[in-house]
2 protein chains.
Amino acid sequence: MFDALSPELAPDLRRRLARIQPGIKSLDVDAIVLCTPVNLLYTSGKIFSGCAWIPHKGEPHFFVRRPQGLTGTNVHAIRNIEEVPAVLAKAGLAVGRWALEGEELTWSFWPRLSRLSEAPAVNGSGLLRRARSIKTAYEISLMRDAGLRHAKIIATYPRHFKPGMTDQQFALECEASMRRAGSLGLFRIHGNTMEIFMGSVLAGDNAAAASPYDFALGGAGLDDSMPVGQNNTKLLPGMTVLVDIAANFNGYLTDCSRTFSIGPASKEVKRAHQWAIDIQAAVVAAAKPGVSCESLYQLALDTAAQGGYADTFMGLGQKAKFIGHGTGLYINEWPVLGARSAAFLEPGNVIAIEPKIILPGVGAVGVEDTFAVTETGLENLTPCDPQIVELQ
Amino acid sequence: MFDALSPELAPDLRRRLARIQPGIKSLDVDAIVLCTPVNLLYTSGKIFSGCAWIPHKGEPHFFVRRPQGLTGTNVHAIRNIEEVPAVLAKAGLAVGRWALEGEELTWSFWPRLSRLSEAPAVNGSGLLRRARSIKTAYEISLMRDAGLRHAKIIATYPRHFKPGMTDQQFALECEASMRRAGSLGLFRIHGNTMEIFMGSVLAGDNAAAASPYDFALGGAGLDDSMPVGQNNTKLLPGMTVLVDIAANFNGYLTDCSRTFSIGPASKEVKRAHQWAIDIQAAVVAAAKPGVSCESLYQLALDTAAQGGYADTFMGLGQKAKFIGHGTGLYINEWPVLGARSAAFLEPGNVIAIEPKIILPGVGAVGVEDTFAVTETGLENLTPCDPQIVELQ
């Protein structure tokens with residue numbers, strides 16, 4: 001373990017290890033070797049260039065190429081990854097058969113590690129995704145702290161609005177306030193196809209613009225090189241603005257969206273928004289350990305349909321196939337509350353629930369909050385007023 | 001080709017294609033299939049979920065899963081990637097043997113595509129990296145436009161300084177001004193291990209803090225979850241501040257760093273900074289098509305040593321092993337001006353050259369600009385005053 005970890009983190013890393021090690025055995029390998037930033041951070045508390053070698057029992061070893069100067073127990077400075085077997089041998093340890101991060105490593109890098117193992121490596125990404133999906137109490141305390149900070153900032157968004165602004169101008173001020181409040185900004189997404197800057201601010205019909213990405217709503221974006229989010233829509237009376245900017249205060253991403261109206265919200269807007277709040281409340285009321293994630297998605301769809309929003313729920317035409325998703329070190333952790341999800345909620349899951357409805361000609365309405373799954377139900381980690389706030 | 005491309009882009013995509021297609025043949029395959037955002041943007045002008053199938057001769061075909069509604073010649077809507085062979089067959093085309101993006105696709109995704117090919121797929125990432133490293137005249141015009149906007153913003157940084165600020169507070173204002181000027185913010189890095197938000201602002205001894213990442217200088221960062229860049233150093237008289245925030249005005253990243261001093265710069269600071277400017281000038285003077293990238297690195301090292309900066313050039317202890325790098329759709333395109341680089345400069349390369357010197361107890365000094373390689377030498381795409389500017 002690295003030196004100088006905080007008194008909360010050091011024992012927590014042991015807990016995470018205890019969750020990972022039994023899974024290594026069931027992959028029929030002797031160790032899992034991790035190289036990518038999120039998994040290194042999760043298992044060691046640090047990000048470094050090198051790898052973590054975690055055996056199915058006993059102590060993990062950390063091999064650090066960069067930064068120079070990191071110290072700790074079972075921490076080894078290396079010049080390149082090929083030195084790992086020799087260092088292990090010197091420590092009297094068998095190299096063993098390895099699992100690697102098949103969903104994170106590139107195709108071309110995998111063989112470089114696999115050939116160091118005593119047998120062709122197997123894919124162990126799922127083991128880490130599963131471990132990360134069930135947060136420890138300490139991780140939840142970090143997310144609770146981050147969520148409170150996130151919620152506080154959202155309450156300040158209205159003060160940035162000035163009549164005549166575009167969605168982008170409003171977004172810039174919201175982003176800047178998030179950064180000033182301490183968000184690190186970095187938006188980590190699992191997988192190599194989704195990209196976004198800090199989040200999206202969707203106004204008017206741009207809220208329904210289809211995007212390449214698997215986000216809840218898309219937006220056309222400002223440029224073909226980043227086809228997501230705000231698109232320089234001028235914010236005009238009668239429009240709604242859905243602000244969905246993630247926060248990253250401590251590495252753990254919290255997700256919270258709120259809806260604003262330019263000028264007074266119409267009856268139609270208010271009804272649809274309240275319906276979205278009610279959908280979220282229905283999902284929250286039904287959610288507890290053991291409940292199927294697909295059933296929660298279905299419950300949201302059914303509730304939306306009851307309100308007459310079947311065709312406008314989660315997009316027009318191209319719809320998101322989920323109403324919620326795990327979040328943590330990545331914005332898209334397990335489980336997914338979506339179609340064909342085989343997962344069941346477990347205590348320690350942290351999930352964002354984000355029912356959103358499109359009103360053609362107006363924009364999107366809806367809410368999103370990040371919740372921790374407890375033994376008895378959900379705890380809202382981003383508590384703030386869910387009602388539409390008028391911008392003026 | 002997609003419909004409604006700009007009149008400059010459509011013919012430019014043909015030029016890029018003409019550069020890629022001969023390389024497909026020499027990989028001994030019939031087509032290259034691309035899935036990742038940067039390569040889709042480079043070859044089609046769009047980012048989408050799906051793939052581009054580019055045969056060694058004839059027309060490329062584009063298979064779009066999302067967004068719905070994209071139209072064009074040889075553009076096919078699909079529900080999943082497995083439909084590609086049948087759609088090709090229907091169009092009277094042989095599926096052929098494929099190259100895939102081995103350096104971008106994950107190990108677990110690769111087989112899903114490879115099994116659609118008529119033979120096990122081979123790695124074609126290098127072909128695209130090489131094509132992207134030689135920009136067309138149109139791409140350079142985009143980067144020239146972006147670089148000018150970037151340079152203009154840098155001149156405004158001093159007005160954000162207030163005595164008593166931290167590096168982070170100063171960074172936030174510089175970032176916000178870049179965003180307000182139109183930067184899309186997204187910082188694309190090739191590979192799955194380097195991460196940064198918009199760039200770094202390094203003050204005092206934090207400039208020498210070793211980082212896990214292969215950037216020119218590191219910085220400890222604000223949190224173990226993002227160990228790079230500013231670290232809440234209070235900006236005090238006598239310190240230097242090196243601002244290295246990339247710009248992304250149109251998908252093409254320009255890289256430009258400038259140095260500021262808190263209060264008047266000492267003689268020592270001025271000398272070292274001028275030496276860095278001179279190192280850049282020496283590299284620029286030597287750089288033209290046919291020159292070895294490693295020799296330019298060596299020239300920079302030698303020039304630094306002549307000034308007495310051998311030990312403090314490009315870091316203390318842990319040093320960057322390069323003084324420049326290609327930039328474009330990724331911040332780290334080919335070629336690298338570094339140790340063991342086998343590349344030679346070619347017309348159309350766009351490279352950032354960034355000599356930086358550490359002054360212990362003070363900070364870093366140095367400059368970085370983005371240059372296009374022309375037939376006769378280098379054109380600076382980020383022209384702005386290289387001198388140290390005093391913040392007060």
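**Exercise 1. Strand β14 of chain A**

β14(A) and strand β17 (residues 369-373) of chain A pair in the antiparallel sense over four bridges. Find which other strand joins β14(A), and work out whether the faces of β14(A) are covered or open.

Solution. 
1. The model is predicted, so local features need pLDDT of at least 70 and side-chain atom pairs count only at pLDDT 80 or more, whereas totals for chains, interfaces and linings use all residues. Residues are numbered from 1 along each chain as its sequence is written, chains are lettered from A and ligands numbered from 1 in the order in which they are written, and side-chain values use heavy atoms, with hydrogens and water left out.
2. Helices (H or I, at least four residues) and strands (E, at least two) are DSSP runs, numbered from the N terminus; two strands pair if DSSP finds at least two bridges between them.
3. Strand β12 (residues 322-326) of chain A is joined to β14(A) by three bridges, and the two run antiparallel.
4. Take A:Ile353: its bridge partner in β17(A) is A:Asp369, and A:Gly324 stands opposite A:Ile353.
5. Buried means under 20% relative accessible area, exposed over 50%, and partly exposed in between (1.4 Å probe, protein chains only). In β14(A) (residues 350-353), A:Val350 and A:Ala352 on one side are buried, as are A:Ile351 and A:Ile353 on the other, and both faces are covered.

**Exercise 2. The contact between chains A and B**

Describe the contact by residues, area and charged pairs.

Solution. 
1. With contact taken as heavy atoms within 4.5 Å, chain A gives 53 residues and chain B gives 52 residues.
2. Buried area is the accessible area (1.4 Å probe) that two parts lose on being put together, summed over both. Here the chains bury about 4700 Å² between them, with 57% of it on carbon and sulfur atoms.
3. On the chain A side, A:Trp107, A:Arg179 and A:Phe197 lose the most area, together 16% of what that side buries.
4. There are ten salt bridges between the chains, each a side-chain nitrogen of Lys or Arg within 4 Å of a carboxyl oxygen of Asp or Glu. One of them joins B:Arg66 to A:Asp214 (3.7 Å, N to O).
5. α7(A) gives the most, with six residues.

**Exercise 3. Helix α2 of chain A**

How many residues of α2(A) are buried, and what do they pack against?

Solution. 
1. Eight of its eight residues are buried, among them A:Pro37, A:Leu40 and A:Tyr42.
2. These buried residues pack against α1 (9-26), β1 (31-34), β2 (49-55), β3 (61-66), α5 (125-133) and α6 (137-154) of chain A.
3. After α2(A) comes A:Gly45, with a positive phi near 85°.
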